[in-house]
Amino acid sequence: MNKKLGLTALGAALAIGLTACGGSGAGANSNTADQSASDLTIGVSMPTQTSERWIADGNSVKEQLEKEGYKVDLQYANDDIPTQGQQVDQMITEGADLLIVAAIDGTALSSQLQAAADASIPVISYDRLIRDTENVDFYVSFDNYKVGVAQGTALLAGLGVTDKDGKKANATGPFNIELFAGSLDDNNAHFFFDGAMDTLKPYIQDGTLVVKSGQTDIEQAAILRWQQETAQKRMEDLLTGSYNDGSKIAGVLSPYDGISRGIITALQNAGYGQGSPMPVVTGQDAEIASVKLINDGVQSSTIFKDTRKLAEQAVTAAKAFLEGNKPEANDTKTYDNGVKVVPSYLLPVETVYKDDIKSKLIDSGYWTADEVAKGQSN
Ligand code: GAL
């Protein structure tokens, strides 16, 4: 039985009053406002442990919530949609007071979130927008369209078509490129691809860039669950399908470091990086294995999204809800989840090339010099 049903009549009246004056519907959790942090449990549902990035996110969120005194139930779902559904269900039945969820499939949690709303449990969508439900109260993420723009720009800059700020430079090509996108069930994948394509399109149209395979739609470029192996396979198919006439590929748009590593393996197996130069390959997340590849001159760039800061925003928003307040949003327009525009807090992103590893990743304490040299976290 949910512990919130044990409210006193006075508490219930107070809760209704607070909800009416400025709560956010299902998320107004003024029931918890007079409880101490140590009596409150936060369910944190993360997609997978196969990626460094989500391990770092999970750890940061847990640590920071515990520092505030909350109890934390952190679960990883192995990139399996039913597992995530069960884990969230269980968090709710065990009496979680708030949920922080990074969804595997952004549309697959509607029934769980209805149960959360019925129990007045606020839901924070973490990095990936939860779609097609009214029962998501806040979204913390990065500026995902800008991530795409930064990836497109990094590809252009790597080829010498523009400088790092996107200003036209000397190289005129034509350069053969190929395009990769993330998992179609992840809302972010669409923002990344749109931002990148808006940046690359003028250069595709004027012939500077040539997508030799002709595969320019997101459906053709997408990699289900952002899997490295799937990306490797698609790159192998592209090489045999479109580059078996001796032509060379000069650049690959990749939306995420795991996908980049799959692409790089396929390219290396085909002889790139030995006889012919390694194409410019972009990335995202500053995963340690990829930071090493950038340091070694194999991968060209990544997008650094400081997961410590994202965790901090999630914790700030969680605290606000649990204290009966509304978290502060800095974007109330962009993230329409199909049912409503979800108030969001978006963080800025930074592109990292080899020259930036020290100033942006090591000096900020994200990775140590030793970890970068080994390509492994300590
Ligand atoms: C996205 C996220 C990216 C990357 C990708 C694969 O949702 O925004 O940073 O981590 O998932 O995990």
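Which helices each supply at least two residues of the shell around the ligand?

Tutor: Happy to walk you through it. This is a predicted model, in which local features need pLDDT of at least 70 and side-chain atom pairs count only at pLDDT 80 or more, while totals for chains, interfaces and linings use all residues. Residues are numbered from 1 along each chain as its sequence is written, and side-chain values use heavy atoms, with hydrogens and water left out.

The helices you asked for are α2 (52-67) and α6, each with at least two residues in the shell. Helices here are DSSP runs of H or I with at least four residues, strands are runs of E with at least two, and both are numbered from the N terminus. The residues around the ligand are Arg-53, Trp-54, Asp-127, Arg-128, Asp-186, Asn-188, Phe-192, Trp-226, Tyr-256, Gln-284, Asp-285 and Lys-305. Sorted by class, they make four nonpolar, two polar and six charged residues. In this sorting Ala, Val, Leu, Ile, Met, Phe, Trp, Tyr, Cys and Pro are nonpolar, Asp, Glu, Lys and Arg are charged, and the others, Gly among them, are polar.

Some of these residues make polar contacts, meaning a pair of N or O atoms within 3.5 Å. Arg-53 has a polar side-chain atom 2.8 Å from an oxygen atom of the ligand. For Trp-54, a polar side-chain atom lies 2.9 Å from a ligand oxygen. Asp-127 has a side-chain N or O atom 2.9 Å from an oxygen of the ligand. The ligand on its own has 300 Å² of accessible area, and the protein covers 98% of that; such areas come from the Shrake-Rupley method with a 1.4 Å probe.

Helix α6 (residues 187-205) lies across β6, β7 and β8, at about 115 degrees to β7. Angles run from 0 to 180 degrees between N-to-C directions, with axes fitted to C-alpha atoms, for helices over the stretch in contact. Contact itself means heavy atoms within 4.5 Å.

Those strands sit in an open sheet of four, ordered β7-β6-β8-β9 with parallel pairing. Its edges are β7 (209-211) and β9 (280-281), each with a single partner, so one side of each has no neighbour in the sheet. Helix α5 (residues 144-159) also packs here, touching β6, β7, β8 and β9, and its direction makes about 175 degrees with that of β8. Strands pair if DSSP finds at least two bridges between them; β6 (residues 175-179) and β8 (residues 251-253) have three and run parallel. Within that pair, Ile-177 stands opposite Gly-251.

In the loop between α5 and β6 you will find Pro-174. A cis peptide bond joins Gly-173 to Pro-174, with omega about 0 degrees.

There is another open sheet, of six strands with parallel pairing, in the order β2-β1-β3-β4-β5-β11. Its edge strands, β2 (71-76) and β11 (344-347), each pair on one side only. From one strand to the next the twist averages 15 degrees.

Technical notes. Near = heavy atom within 4 Å. Polar contact = N/O pair within 3.5 Å; in protein donor to acceptor, adjacent residues only side chain to side chain.
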